[in-house]
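Colleague: Before we go through the helix packing and the charged pairs, could you put the model up for both of us?

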Amino acid sequence: METYLYIALFAPLVGSLFAGLFGARPKTIIAGLVPTGLLFASLVSSTILLTHVLAGNTVHVELMTWMETGDLYIPFGFVVDQVSVTMMMVVTIVSTVVHVYSIGYMDHDKGFNRFFSYLSAFVFSMMVLVMSDNFAGLFIGWEGVGLCSWLLIGFWYHKESATWAANEAFIMNRIADLGMLIGIFLIYWNTGSLQYDQVFAAVAGLEISTVVWIGIFLFIGAMGKSAQFPLHTWLADAMEGPTPVSALIHAATMVTAGVYLVVRANPIYDIIPEVGTVIASLGAFVAMFAASMALVNRDMKRIIAYSTLSQLGYMFVAAGLGAYWVALFHLMAHAFFKALLFLGAGNVMHAMSDELDPFKMGGLSKKMKGTFIMMTVASVALAGIYPLAGFFSKDMILEVAFVEHHYILYTVLLLTAGLTAFYSFRLIALIFHGEERYKLFGFDPHEAYKYMLWFMAPLAVLAVIAGMMFKGTYYDMVTQLLPAGEYHVHSAFTYWVMTIGTQIFVGLAIVYAYRKYENAKIDKKVESGFFYQLLFNQYYIPQFYEEFFVKPYRDLSMIFWKHIDLKVVDATVDMIGNTFYKTGKETHVMQNGNLSTMLRWMVAGLVFLLVSAIVFAKANDIFAYMVTIVPGLGA
Amino acid sequence: MLEQLLLILPMAITVIGAFFLMLLSWNKRFTLKDYNLVAVFFLMLSFIVEFPQLSNTEIIYIFPEVFGTMYIIDNFSTLFDLMFTAGAILTLLINTDYFKSRNYFNGEYFALVLFSVFGMMTLAHSNELVTAFIALEIASLSVYALAGYHKNNRLSTEAMLKYMILGSMTGAFFILGTALIYGAVGSTTLGDIALFIKSASDSESLLVITGGTFILVTILFKIGAVPFHSWVVDVYHGAPFPVTMFMASTFKIALFAIALRLYLVDFAPINVIWSELLQVITVLTLIGGSWLAISQDNLKRMLAGSSIVHSGYMLIAISSIGLGSQEAAPAIMFYLMSYFLSSVGAFGILSFIASRSNKALTFKDFKGFSQRRPYLAAMMAIFMLSLSGFPSTIGFLGKFYIFTSAIESGQILLAGLGILTAFISVYYYFKLIAMMYFYPTDEPQKKFPMDLSGVLIGLMAVLVIWGGIGTGLIPFIPGADGFIDIAKQAVLSLQ
């Protein structure tokens, strides 16, 4: 089994290096095919490991010692257990699909080889993140995915907006990573280890306030990676990257790393339910907050990004309330339908020559039947309609909130479910139905390559069946490691009222969205309203950050540069350098190449050394002699 | 008997090769390439025979019934031998093109290289002062002749003359020192001297100290410590490139072989006396060398000046030995290895380029070099980084160990000065990197063939990086930690 573990882990790395070899060369199809093939090998290995885990086993290997000084011992250890195998499956399935899809999507791009090198490097980092058996390895993966995300958001680096978005994402994540690092240091100081099993065993014996701090700091790290408020702005801007990247990194895998961290650290969060409640409340807030922004946005990818944000909020609600397996289950289901949605959006973008405004589309269902069906399936799943994946995973979170007596959270989430359905089908209606507005703008849409659609199909199938088929098996498997909890409403009557009520509510939202947006009528009165403007400008948060953080920081930096760096630091360095250089030039005369001078110097040196050596050697004698004669002088 | 012969076989092979080349050079039918191959063959054979001895931890005296304890074989000398032969092999192979491009080389050149390698090996093995003197002179005389090999070039002749006059004088110092020590001890074997010093009173050992100081001056002269440095820049500049490379990388190492053996073992009880003197010399060497290096335009002269600074670093560790640092001796060995790799590489690139033109190479000639020859420029940058002690290269670890030893023995100020001169060295080393990368090129890109020299230089560059960050996880290949372990093992065999 260890062999499969190594294949699953290192195959993407090999693929990345292979594609990297061709980095500076013109497009070669091999640079895309080989990483994809290796990733498929990784997927197969992960599947084999999954069957192994389903049989009740886990795999734990220690590749080698990484650091060993004093008490600190950190190995490169990897573990395949119920939690990590879930993540491995999600990562490998989605990334294999995305790799194949990208071969088509990046077909005409100059950076084709480079793209696959980065993409596979991302998968490797993500595998390290989820498979590590200690916090240090997790952090390496964490930073690795951050780096790859930066590389990929800024993939079209000649576009100013892309580099800006890449930097924004990276810097936001750095802020959060600092929190995460502090959390890891706290863990090490207090438990003396970074291995998960040892830490979780030791954490119960710590003071509750320490654990609270650990929990908070780790969650700050999670907030950055999972783009929770107030560090959420980067995710929408990250849509500057190529769409397969958005599907893989900014929907299915990397952004869920924060959820994974909280789930993985569940023994810590179990001790501190107060922090859990805060996490859940923040999650519910973000769910609603992000969904509200998605209602009015006019950028197809940003709408889906906000939807991702909102769904991450749902996951944090579940994780915060202690329903870790529900969070993980929703993570998995969400990965499938959200990646599908993004890839569909990528097809639409290609068809529309990178146009993102859905108001300029309309009626595309005739030209792009495959994409239309898949995006609809994904949206239905996202909205949580029975019997698709979203119904089982998302409605479960509502139930959790209800059963745990957090009725406010429940209400918020319920409303958000309606909003989700609304904005999802607003998008579908605008893109695929109604008049063919694109003709006005002179677009000539065409369906994507056949094989791209075929490889999207597995995601569509999973989006349909993941909830219905896997829920029972998954529950049995994952609760071997995570706290079990069935979360059933006690009375059957309440259960049916809730379920059917939710379904009807969501259904009404869908119908409303269709009716309102089928003909893409723009209601001027609503658009000029305060709420519309507030939502459209993302609650003015980006402007707020610009005004109150970015500008003061820039001003401060200018002051430091002009007054401290130039006048103090540079001047000092220049002075030292100039002094030395001038003396060097002047003493040059000593070195005049004259043989007699050389001989003189040598003899002088010899005499100096001889005299000093003798004086030093005789110093004791002379000293003793002085001691005898000095009193005589004095007397 | 046979076993003993096997042990001296590496030395024997070298000297036999030298005579063989002398005889061969009568015949006009052979080309330089043939001579080169023969020389490399003998050196390679010597290297291969000697390499397995590295794991031999015993101390053996060769033919004790004839030579007594004059000639010693231990891990320490074996490691040095390997460096000498490797240095000579690399010098010969990398300079293949240079030999072809200059008409003044002939068969005797290669014989002289082998003779000098033989001298150095004997120096590393000598356990007696007169043997050491003879070995030193065999090596030195060969190098004098090599330095003046370009007979019709004024600079080369001048270099030889200066080097020979000054060198002969210091040779006289060495033998005078030996005589003084013999006068006091009645023997010139190192073991006897050590015994004498241990038991002698202060006044009795005065003669030994005086003699030791004379020997010290010889060593300081050969490694180019200030104020005995004045020949370095002129001689390095005047000598043909392959010779400069050989002197800077290989011959310099040889002096440390005898210096370490003397001061680590035999003068150990009294070397604290020299520590303060050495500190003064070290300060002078570090600062003087930096001054020399910083104001040079010619690259050969710059590297010559900087080689003085590198001697200064090793002197720091030598005075640390006197003050009782355990880490100092391995630090010197490691530094020698790191300096050897980096300087052979740097000089190798210079001579590789020089073989295609007759110009003196200055900083300006390297403007935009990275566009003309990206791979060579990258390698040159690696060597410069390593020479300046940039982290992730072997040069960084070398300086790190030296400074650690200085701090361990309480010479904080000296370590501070060393770090300061390391910063200064960044100026003249990075100047070259800046020239290569930040300026446009005047000339169009030329196609140079990538041949054996290029491959060897590339190998050195890889070793420089590997020695800085290499991991010990790959079996049979020592990582960055492995090198210092080899050095420690070698020093251990001395005690």
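Colleague: Is the crossing of helix 5 of chain A and helix 10 of chain A left-handed or right-handed?
Modeller: This is a predicted model, and everything I say here is computed from it. In it, helix 5 (residues 135–153) of chain A and helix 10 of chain A pack with their axes 11 Å apart, at an angle of about 155°. Because angles over 145 degrees count as roughly antiparallel, that term applies to helix 5 and helix 10 of chain A. Their crossing is left-handed.

Colleague: Which residues of helix 10 of chain A make the contact with helix 5 of chain A?
Modeller: The residues of this contact divide into 4 nonpolar, 2 polar and no charged. From helix 5 of chain A come A:Ser149, A:Leu152 and A:Ile153, and on the side of helix 10 of chain A the contact is made by A:Val245, A:Ile249 and A:His250.

Colleague: Is A:Ala247 buried or exposed?
Modeller: A:Ala247 has its place in helix 10 (residues 243–252) of chain A. Leaving aside residues up to four places away in sequence, A:Ala247 touches A:Val98, A:Ala252, A:Ala339, A:Phe342 and A:Leu343. Since buried means under 20% relative accessible area, a relative accessibility of 0% makes A:Ala247 buried.

Colleague: Which residue forms a salt bridge with A:Asp107, and which parts of chain A does the pair tie together?
Modeller: The closest N and O atoms of the pair are 2.6 Å apart, and the partner of A:Asp107 is A:Lys27. With 33% relative accessibility, A:Lys27 counts as partly exposed.

Colleague: Turning to chain B, is B:Lys162 buried or exposed?
Modeller: B:Lys162 forms a salt bridge with B:Glu158, with 2.7 Å between the closest N and O atoms. Both residues lie in helix 8 (residues 154–185) of chain B, 4 residues apart, which is about one turn of the helix. At 27% relative accessibility B:Glu158 counts as partly exposed, whereas B:Lys162, at 4%, counts as buried.

Colleague: How many residues apart are B:Glu327 and B:Lys488?
Modeller: The side chains of B:Glu327 and B:Lys488 meet in a salt bridge, at 4.0 Å from N to O. This pair links distant parts of the chain, with B:Glu327 in the loop between helix 14 (299–322) and helix 15 (328–354) of chain B and B:Lys488 in helix 21 (residues 480–492) of chain B, and the separation is 161 residues.

Colleague: Which residues do salt bridges that share partners join into one network?
Modeller: B:Glu327 is partly exposed, with a relative accessible area of 32%, and B:Lys488 is also partly exposed, with 35%. As for the network, shared partners join B:Arg154, B:Glu158, B:Lys162, B:Asp234 and B:Arg301.

Colleague: At what angle do helix 4 of chain B and helix 6 of chain B pack, and what is the handedness of the crossing?
Modeller: Helix 4 (residues 75–94) of chain B and helix 6 (residues 107–125) of chain B have their axes 9 Å apart and pack at an angle of about 165°. The two helices are therefore roughly antiparallel to each other. Helix 4 of chain B passes helix 6 of chain B in a crossing that is right-handed.

Colleague: How do the residues of the contact of helix 4 of chain B with helix 6 of chain B divide?
Modeller: Helix 4 of chain B contributes residues including B:Phe80, B:Phe84 and B:Leu92, and helix 6 of chain B contributes others, among them B:Val113, B:Val117 and B:Met120. The division is 11 nonpolar, 3 polar and 1 charged.

Colleague: What is the handedness of the crossing of helix 15 of chain B with helix 20 of chain B?
Modeller: Helix 15 of chain B and helix 20 (residues 452–469) of chain B pack at an angle of about 150°, with their axes 10 Å apart. That angle makes helix 15 of chain B roughly antiparallel to helix 20 of chain B. Helix 15 of chain B passes helix 20 of chain B in a crossing that is left-handed.

Technical notes. Residues numbered from 1 in each chain as written. Chains lettered and ligands numbered in written order. Predicted model: local features only at pLDDT ≥ 70, side-chain atom pairs only at ≥ 80, totals over all residues. Heavy atoms only, no water. Buried < 20%, exposed > 50% of the residue type's maximum accessible area, 1.4 Å probe, protein only. Axes fitted to C-alpha atoms, helices over the stretch in contact; angles between N-to-C directions. Parallel < 35°, antiparallel > 145°, perpendicular 65-115°, else oblique. Left-handed = near helix turned anticlockwise from the far one by under 90°. Contact = heavy atoms within 4.5 Å. Nonpolar A, V, L, I, M, F, W, Y, C, P; charged D, E, K, R; others polar.
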